[in-house]
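Please read these notes with the model open beside you. Check each point against the atoms as you go.

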Amino acid sequence: MKNLLILSLACSLLISPKSLGADTGLMADSKRVSAVEYLYAEVSDANSILVTIDSGLLSTYQGKDRTAWQQFYRKKRAKLAKELDRLPASGLSAQDTRAIAAMRNQMKAFTGGGALFSPAAKCQDATRKDIAYRDLKSALVACFVEIGNSLSFEGGKINRVSALDLLHETSNPGRRKAVFFAFVPLWQAINGNNEPDSPYRRMIAGAAAEAAKNGSEIDNAARDVGIDPADVERWLVQILDAWRESSGDAMIEPWDFRYQAGEADRLLATFVPRESLQPINQSYYRDLGADLEHMGTLYDLSPRPEKAALAYTEFVTHGRVVNGVWRPTVARVSAPYERGGLFVLNELVHENGHVVNITAIRNRPAFVDWPSDLLAEAFADVPSWSTYEPVWQRRYLGHEVPEQLSLRALYSVVVLDVAWSLFELRMFRAPLTDPNALWAEITSRYLHIAPHLELSWWAVRVQLADLPGYMVNYGLGAILTAEMRQHISQALGAFDTGDSRWYGWLSEHLLRYGSERDTRTLMQNFLGRAVSPQALLEQIHRLKPAAPEATGDHSADSAGYSIFLSPEYPAGFSQPSSQRPQPAWHGYLLWDLPTQQ
Ligand SMILES: [Zn+2]
């Protein structure tokens, strides 16, 4: 992996210089600001390289070990702080002033290392009543690593992602219920016995107090869409109501929900073995005009005991102009995959949606950073929702399941995210609420799941502990995802089976700004109007009310649905890649390069 990375960096320097410079908005207006901005870029890279090393992916980078990077980071960061202070407070262009503010703001998030989502804290500290809010959060995240990475099941250990996947795929009802109850130690670690001062209930009180001072992720999301925080709740309820109307009246047990909706996952499971995840993912993105291998993206997809308990994507280095040539962003994806399956593949495609988001940024160093959380999560689902379209399945898996089954599998996961969003929104508003009762109320009313006040079965998402309020970026984000998918289809045509213009076109129209533009402006310009829940509501209404389905013991194959074998492709994933991407955008993309250097 590392060699590949060095190769692509080395190659990028071979591009003949293009007309990059101040006129393209990639450089500062003032020479003094430019010098500080390039120092910022070095500090920012050193920070993300240290975090990469601490994730356990590699021990050296560009020939330097952790100690050398740490020395470099400390020295340059101190210099940067000084230089930023010395910049004049007036007389700069508006763009330079915004860039300085962005650098100051983004620097606050620099940690100088530390493993993301795998804190040094201990899970057992979550039971301590004297612990501060931030330490309590870290202890809860540690529970996801310590317990979530080794759930006991059938005499062995499985991790959280595998257990969720098994809930979709396990036909035997007793076995399925056993998978569900494998989460009990995690639920207890997070929410004790649901007593008023359980770890989660103390933590959410701290989160609500903090949000009252500084605003919450939910306030941020409302601002990013351009609506009132009260409208966020209304929109979430509208989505849940649409699902309620399309999912019949029969109540089901929580351990059967994913199974009942996940027929598509089961029927396609054998066509998505673990080892096929990456080739399928890469093949799809190649068809979308984004060659992930060529971009030098780093992957760390195997489980390790101490590793982050969820999939995530981050910068390794940040793209910038070096000697008049664009040196691309390098991204990395971390995930703990033990198994294949469509549910897992959908998540991997989502993570790589983040990769193409950040590699598509073309801006001055101050703005080569994530857009808002809402836009980032919403955009990552733009390509990943295609995995639940039959045409996508036919092309990339060689098999497809009927549209109704595919859509039900996809939107069951989406509405769970919406349910968690509403759950957090209401916990923030009234942090003394009994979370089990609230979750039972939401899931029984809208998802027809039998209430179990004794079970904290909502406590399976790392984000609930690490970033309280973050779930809104998925729940409300789904509204933006549906909007973006609809608009791209109208502008470019369907892209479920690829379109080599996709990546370049989205870079140009949406992604190149990085952190420069706020989400409301970006979406307004992209859609030509304000965001509305209509596109997502229409998607959910593609679902016909489901006939009550037995969740008894029957094998996937006997469920009465057939899997269609496509005559065009043999089963498997080794299709030839379609058209090579056209280097049509700005002329300095990585694939301008000779491939063999
Ligand atoms: Zn994501």
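1. Start with one term. Buried means under 20% relative accessible area, exposed means over 50%, and partly exposed lies in between (1.4 Å probe, protein chains only). By that rule, both F180 and W187 are buried.

2. Some ground rules. This is a predicted model, where local features need pLDDT of at least 70, side-chain atom pairs count only at pLDDT 80 or more, and totals for chains, interfaces and linings use all residues. Residues are numbered from 1 along each chain as its sequence is written, and side-chain values use heavy atoms, with hydrogens and water left out.

3. Now the overall picture. The protein chain has 25 helices and eleven strands. Helices (H or I, at least four residues) and strands (E, at least two) are DSSP runs, numbered from the N terminus. Of the chain's 597 residues, 61% count as buried. Contact means heavy atoms within 4.5 Å. Take the contacts between residues at least 6 apart in sequence: 79% of them join residues at least 24 apart.

4. Next, the inside. A nonpolar core is a set of buried Ala, Val, Leu, Ile, Met, Phe, Trp, Tyr and Cys residues joined through side-chain atoms within 4.5 Å. The largest one holds 162 residues. Which of them touch the most other members? They are Y411, L447, L476, M484 and W502. Helix α18 (residues 403-429) gives the most to this core, with 16 residues.

5. Leave out residues up to four places away in sequence. Y411 then touches W243, W385, L536, Q539, I540 and L543.

6. On to the rings. A pair of aromatic rings is described by the distance of the centres and the angle of the planes. Rings of Phe, Tyr and Trp (its six-membered ring) pair if their centres lie within 6.5 Å; planes under 30 degrees apart count as stacked, over 60 as edge-to-face and the rest as tilted. The structure holds 26 aromatic pairs. In one, the rings of F180 and W187 have centres 5.2 Å apart and planes at 65°, so this pair is edge-to-face.

7. F180 lies in helix α7 (residues 173-181), while W457 lies in the loop between α19 (435-447) and α20 (463-466), so the pair ties together parts that are 277 residues apart in sequence. F180 is buried, and W457 is too.

8. These rings belong to a group. One aromatic cluster is formed by F180, F181, F183, W187, Y200, W255, W420, F423, W439, W457 and W458. F423 is found in helix α18. Its relative accessible area is 0%, so F423 is buried. Not counting residues up to four places away in sequence, F423 touches Y200, P435, L438, W439, I442 and W458. F423 and P435 are twelve residues apart along the chain, and their C-alpha atoms are separated by 7.9 Å.

9. Now a helix crossing. Axes are lines fitted to C-alpha atoms, for helices over the stretch in contact, and angles run from 0 to 180 degrees between N-to-C directions. The axes of helix α8 (residues 184-191) and helix α9 (residues 199-214) come within 5 Å and cross at roughly 45°. That makes α8 oblique to α9. Angles under 35 degrees count as roughly parallel, over 145 as roughly antiparallel, 65 to 115 as roughly perpendicular and the rest as oblique. A189, I190 and N191 of α8 meet P199, Y200 and R201 of α9.

10. The loop between α8 and α9 holds S198. Is S198 buried or exposed? S198 is buried, with a relative accessible area of 0%. Beyond residues up to four places away in sequence, S198 touches N191 and G192.

11. Last, two backbone angles. Most residues other than glycine have a negative phi. Phi of Q62 is near 50°, a positive value. Q62 sits in the loop between β1 (60-61) and β2 (64-65), and is partly exposed at 37% relative accessible area. Phi of H448 is near 55°, also positive. H448 lies in the loop between α19 and α20. At 9% relative accessibility, H448 counts as buried.
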